[in-house]
Amino acid sequence: MSIPHYKQLHQLLKQQILTGTFQEGALLPSENELCATHHITRATVRQALDELVKEKLIYKHRGKGSVVSQQRKSLGLLSFKGFSEVVGASHTSVKTEILHKPTIQLWPEDFFYPLSEQEIEVGCIYLERLRLADNHPVMLEYTYIPTSDLSGFLEYNLGKDSLFETLHVHYNLDIINVEQDIRAIVADKNTADQLGLMTGAPILHIYRRYGTNRADFYIYSSLYCNTTHYALSNSFDS
């Protein structure tokens, strides 16, 4: 099924805005220029621009044209890559604070994903971390890892070292996919305090189950995301 022409132009201009080709305050090419460049009608161009206005990526200025709006920086936190990898790659300063050191414990009752009998039997390694970008708290992370074949894991410093890199280097364990459930909620007092927000502020709550190269071995996370300073994003390759 072919993508409508207005949608193609919308996606192209959106990508150019988000990647900085057209920066804040810049004028987009005029409607006439876009018509000539892309060989489409003025109505099609206007439909694409209207989509950008709805997304607050541009605004119309009478006598000037389409102006790029102020943009929040975007973090690729919807990727299944590790926090340090996706945020650090954008040259953003990253920091991790350990709120609860890794400990071995039973799985919580009414866990947010179904667990196998084997997972329940071996228990989990549990840890809490606060992730910061440019000293802004952006993610409160609760992680649960089955204890199977992870001898010595508690000794590693996950405030300094990447969790995924630690699993890769020391246990030959790699993340290959992720299942995630994303919901908009309001922050309770504890979550708000950790993320530097007011109680009741809107945040994103993400449940994740990471698949690995080890059969039936999953890593689970419950994430609370503060989008005040950064939008969350990701791109997918076809």
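Predicted model: local features only at pLDDT ≥ 70, side-chain atom pairs only at ≥ 80, totals over all residues.
1. Residues are numbered from 1 along each chain as its sequence is written, and side-chain values use heavy atoms, with hydrogens and water left out.

2. Which residues of H1 are buried? They are Leu9, His10, Leu13 and Ile17; buried means under 20% relative accessible area, exposed over 50% and partly exposed in between, with a 1.4 Å probe and protein chains only. Seen down the axis of H1, the buried residues fall within an arc of 105°, so they line one face of the helix. The arc is taken from the directions from the helix axis to the C-beta atoms. An α-helix has 3.6 residues a turn, so residues three or four places apart point the same way.

3. The buried residues of H1 pack against helices H2 (31-38) and H3 (42-54) and against strands E1 (58-61) and E2 (65-68). Contact means heavy atoms within 4.5 Å. Just after H1, Gly20 has a positive phi of about 90°.

4. An open sheet is formed by 6 strands in the order E4-E5-E6-E9-E8-E7, with antiparallel pairing; two strands pair if DSSP finds at least two bridges between them. E4 (94-105) and E7 (175-186) stand at the edges with a single partner strand each, so one side of each is left without a neighbour in the sheet. From one strand to the next, the twist averages 15°. Axes are lines fitted to C-alpha atoms, for helices over the stretch in contact, and angles run from 0 to 180 degrees between N-to-C directions.

5. E4 and E5 (residues 124-133) pair over 9 bridges. The bridge partner of Thr96 in E5 is Arg131. Helix H6 (residues 163-171) packs on the sheet and touches E5, E6, E7, E8 and E9; the direction of H6 makes about 35° with that of E6.

6. Ile175 lies in strand E7 and counts as buried at 17% relative accessibility. Across the protein chain, buried residues make up 39% of the 238 residues.

Terms used. Helix = DSSP H or I, 4+ residues; strand = E, 2+ residues; numbered from the N terminus.
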